[in-house]
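I opened my notebook beside this model and wrote down what I looked up, one entry at a time. Have the viewer open and follow along.

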Amino acid sequence: MPITLENVGIAVRDLDETIAFFTDLGLTVLGRDTISGEWADTAVGLDGNHAKIAVLQTPDGRGQLEFFEYIHPEAIETEPTLPNEIGMHRVAFSVDDIDESLAIAARHGFHPLRGVATYEDVYKLTYLRGPSGILVMLAQDLRKGASA
């Protein structure tokens, strides 16, 4: 049976702030909506489910993130996920220029957790905490653009 990843869903505090951050990084908004009703209650498993949603797509057209800002039931604040915790971990993006991407993140008030690392002269990468505490990994392939 073939299976295809549709998207990754993430609940956020502020949908507009989240959209602004991820569109500045290069994602495109495919659509926005407000969902509610019996179908939404059944699909998600929450009575009275009512949320604003947005689906964003990566520039290559292969990856999608779906963000939810809950209106009802009220969103539950949790501690930000740590890199070594079990469960949903992070979203990762390949970028052409990590410094440019970090400048964009900084304009939104988001900075690397510790710094930028170089992995075996193959990748420059970092984790940062984005909107609603989402862990975002940015990685630049250092082999791209290198002469063969």
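My entries below go from the whole chain to its sheets, its cores and one glutamate.

**Ground rules**

I am working from a predicted model, in which local features need pLDDT of at least 70, side-chain atom pairs count only at pLDDT 80 or more, and totals for chains, interfaces and linings use all residues. I number residues from 1 along each chain as its sequence is written, and my side-chain values use heavy atoms, with hydrogens and water left out.

**Whole chain**

I first listed the elements and found three helices and eight strands. Both kinds are DSSP runs, numbered from the N terminus: helices are H or I with at least four residues, strands are E with at least two. Read from the N terminus, their order is β-α-β-α-β-β-β-α-β-β-β.

I then looked at the extent of the C-alpha trace, which spans about 55 × 35 × 30 Å along its principal axes. Of the 148 residues, 31% count as buried; buried means under 20% relative accessible area, exposed over 50%, and partly exposed in between, with a 1.4 Å probe and protein chains only.

I also checked contacts, meaning heavy atoms within 4.5 Å. Among those between residues at least 6 apart in sequence, 53% join residues at least 24 apart.

From the record, I noted that UniProt places "domain: VOC" at residues 4-141, in an unreviewed entry. UniProt positions are given in the numbering used here, feature names are shortened, and annotations may be inferred rather than shown by experiment. In the model, the end C-alpha atoms of residues 4-141 lie 25 Å apart, and the span is 20% helix and 37% strand.

**Sheet with β1 to β4**

I traced an open sheet of four strands in the order β1-β4-β3-β2, with mixed pairing. Its edge strands are β1 (8-11) and β2, each pairing on one side only. On average, neighbouring strands here are turned by 20° against each other, direction ignored. Two strands pair if DSSP finds at least two bridges between them. As a reminder to myself, strands of a sheet pair through backbone hydrogen bonds, either parallel or antiparallel.

Strands β2 (residues 28-36) and β3 (residues 50-57) run antiparallel and are joined by eight bridges; Thr-34 has Lys-52 in β3 as its bridge partner. β3 and β4 are antiparallel too, over eight bridges, and Leu-56 is bridged to Leu-65 in β4. These two strands form a hairpin with six residues between them, where Gly-61 in the turn has a positive phi of about 80°.

Helix α1 lies across β2, β3 and β4, at about 5° to β3. For such angles, axes are lines fitted to C-alpha atoms, for helices over the stretch in contact, and angles run from 0 to 180 degrees between N-to-C directions.

**Sheet with β5 to β8**

I found another open sheet of four strands, ordered β5-β8-β7-β6, with mixed pairing. Its edge strands are β5 (91-94) and β6 (117-119), each pairing on one side only. Neighbouring strands of this sheet are turned by 25° against each other on average, direction ignored.

Four bridges join β5 to β8 (residues 135-141), and the two run parallel. Phe-93 has Leu-138 in β8 as its bridge partner. Helix α3 (residues 98-107) packs on the sheet, touching β7 (123-129) and β8, and its direction makes about 10° with that of β7.

**Cores**

Which residues touch the most other members of the largest nonpolar core? I noted Phe-22, Phe-67, Phe-93, Leu-128, Ile-134, Val-136 and Leu-138, out of 22 residues. A nonpolar core is a set of buried Ala, Val, Leu, Ile, Met, Phe, Trp, Tyr and Cys residues joined through side-chain atoms within 4.5 Å. The elements giving two or more residues to this core are α1 (15-24), β3, β4, β5, α3 and β8. The largest share, four residues, comes from α1. Apart from this core lies another, of five residues, among them Ile-35, Ala-51, Ile-53 and Phe-68.

**Glu-69**

Leaving aside neighbours within four places in sequence, I found Glu-69 in contact with Val-12, Arg-13, Asp-14, Leu-15, Ala-51 and Lys-52.
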